[in-house]
Amino acid sequence: MTERIALVQGASRGLGLAFARLLLADPSVAHVVATSRRPEQAPELMDLASSAGGRLSTQPLDVTDEASIAAAAAAV
């Protein structure tokens, strides 16, 4: 079986953060990549990442900035 990886845009709060939590609760999802403009400034997302046992990584992504999109795509 292929390893399932999910990417959640806008995961710093609200629905995006909730989706990240739900994906981490699903044992069939191996890894979640959570993006937001400034993930290091999102305390709930950082708490989730630290408690996810390495299954969640964060990536800066501002969808209005082409360079940010390219950097995120390269990292993912």
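## The sheet

Strand β1 runs parallel to β2 (residues 29–36), and six bridges hold the two together; strands count as paired here once DSSP finds at least two bridges between them. Within that pair, L7 sits opposite V33 of β2. Strands are DSSP E runs of at least two residues and helices are H or I runs of at least four, both numbered from the N terminus.

Zooming out, the open sheet has three strands in the order β1-β2-β3, with parallel pairing. At the edges are β1 (4–9) and β3 (56–60), each pairing on one side only. Neighbouring strands are turned by 20 degrees against each other on average, direction ignored.

## Where this comes from

This is a predicted model, with local features needing pLDDT of at least 70 and side-chain atom pairs pLDDT 80 or more, while totals for chains, interfaces and linings use all residues. Residues are numbered from 1 along each chain as its sequence is written, and side-chain values use heavy atoms, leaving out hydrogens and water.

## The helices

Helix α1 (residues 14–25) lies across β1, β2 and β3, at about 165 degrees to β1. Helix α2 (residues 43–51) also packs on the sheet, where α2 touches β2 and β3 and makes about 145 degrees with the direction of β3. Touching means heavy atoms within 4.5 Å; axes are lines fitted to C-alpha atoms, for helices over the stretch in contact, with angles from 0 to 180 degrees between N-to-C directions.
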